[in-house]
Amino acid sequence: MTVRRPLALASVSLALLAGLIAASPAAAEVKVGVAVPRTGPYVTVGEQVLRGVEAAAKDANAKGGIDGEPIVLDVQDDSCDSNQAVAVANHYVNSGVKLVVGHVCSNASLAASDVYAANGIVMITAASVAAKLTDRGLPTIFRVCGRDDDQAKLSAAILAERFRDRKIAILSDLSPASRTLAAATKDNLNRIGVNEAMSTAFQPTDADDAALADRLKAAGIDVVYYGGDAQEMGRLVRIAAERGFRPQWFGTSAIATPDFAKIAGPASNGVLMTFYLDPSRKPEAQGTVAAFKAQGIEADGSMIYGYAALQALVEAGNFAHSTEPAAIAKALHSERFDLVLGPVGFDAKGDITAQGYVLYVWRDGNFTPAKSN
């Protein structure tokens, strides 16, 4: 008995120790939601943003994460649909996610942002350009990209400067982003004193694209501004060229993806486009660009902006020594941070202070800054 008792006590002690270890809480981590389209027509942009976020999370975790807590990503598909975006936002609320990179499409961001703001969740988008998103002044809503009203002002200025004496057509499809950009560009152009020869909305299909191309050609249109996405504009440009109509095409940030050139083919050469300042050319982004290239990935489109969105959350959290959304939002509004976009801050609305849109031209499947006239 005297020999067995210590062994029995030792067994009990080991069992208790094992129970305590099993019952101890797991190491703290900070969940970051990533809401992007993984289905639907904007998958390419969604994948660009996601790759950027994943790379930023990897780099941040190698340095301790946010305030010493490792980042764990919760990736959800909103399909650029407003209702699905709200469902994703509610998922994050119910899952205890307090920081979100997303959404990509403006309609999705606008719908989900109300949920985030009501629940004190910080949302930062890498691609949603609708002015209304930040004009409401919601304290936890931010963006690292530009605004559509700034893009429309630049587009109108370029049209007036380069094509004042040419016949200009302004097109839009039924998507909210296309309608908004077309209307804003038309308004700004008219204020400058230039009137378009044609302004029309259409439903993009092969048959309608062909009919529209014939109509534009018959009207003697020289320049066509269209706010459609890469798939829609790529198809229209290709079909128009096949029908012998080759005007000066002018697109928006929605075609800043290789898909445009793949769909338009050789007709993409010479197409103008407004897009954010290319961050991959900045000295601050060279390490990130090189890391992508080492994996065989070109850091194009919205990839660097996805990286910057998460990087901003990380830098703000480390500055505030907190993973709480209120502290991170306060830091974002009040401080400046060295991101892959350069040294930037955020204004009272949540808009980034980085340089906005510039003009690009497509050549041989890629877009590069256009030369000034």
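Strands here are DSSP runs of E, at least two residues, and helices are runs of H or I, at least four, both numbered from the N terminus. For a pocket, a 1 Å grid is laid over the protein atoms alone, and an open set of points where a 1.4 Å probe fits counts if protein lies on both sides within 12 Å along at least five of seven lines; lining residues have an atom within 4 Å of a point.

A reminder to myself: this is a predicted model, where local features need pLDDT of at least 70 and side-chain atom pairs count only at pLDDT 80 or more, while totals for chains, interfaces and linings use all residues. Residues are numbered from 1 along each chain as its sequence is written, and side-chain values use heavy atoms, with hydrogens and water left out.

**Second largest pocket**

Helix α11 (286-294) and β14 (366-369) each supply at least two of the lining residues. I sorted the lining by class and got 8 nonpolar, 6 polar and 5 charged. Here Ala, Val, Leu, Ile, Met, Phe, Trp, Tyr, Cys and Pro are nonpolar, Asp, Glu, Lys and Arg charged, and the others, Gly among them, polar.

**Largest pocket**

Next I looked up the largest pocket, which holds about 750 Å³ of space. It is lined by 40 residues, with Y42, C105, S106, A177 and A254 closest to its centre. I see at least two lining residues from each of α4 (106-118), α6 (148-163), α7 (176-192) and β10 (272-276), and α7 gives the most, 5 residues. The classes here are 20 nonpolar, 15 polar and 5 charged.

**Domains**

I then checked the domain assignment (bounds from an automatic or database source). It lists domain 1 (30-148 + 281-345) and domain 2 (150-276 + 357-369). Their C-alpha centres are 29 Å apart. In the contact (heavy atoms within 4.5 Å), domain 1 takes part with 15 residues and domain 2 with 16. Between them they bury about 1300 Å², 52% of it on carbon and sulfur atoms; buried area is the accessible area (1.4 Å probe) that two parts lose on being put together, summed over both.

**Two single residues**

I picked T288, which sits in helix α11. It is buried, at 10% relative accessible area (buried is under 20%, exposed over 50%, partly exposed in between; 1.4 Å probe, protein chains only). Beyond its neighbours within four places in sequence, T288 touches I304, Y307 and V340.

My other pick was D209, in helix α8 (residues 206-218), buried with a relative accessible area of 0%. Outside four places in sequence, I listed its contacts as F202, P204, E232, R235, L236 and I239.

**Whole protein**

To finish, I counted 13 helices and 14 strands. The C-alpha atoms fill a box of roughly 105 × 40 × 40 Å along the principal axes. Of the 373 residues, 50% count as buried.

Conventions
Points joined across faces, edges and corners; volume = space filled by probe spheres on them.
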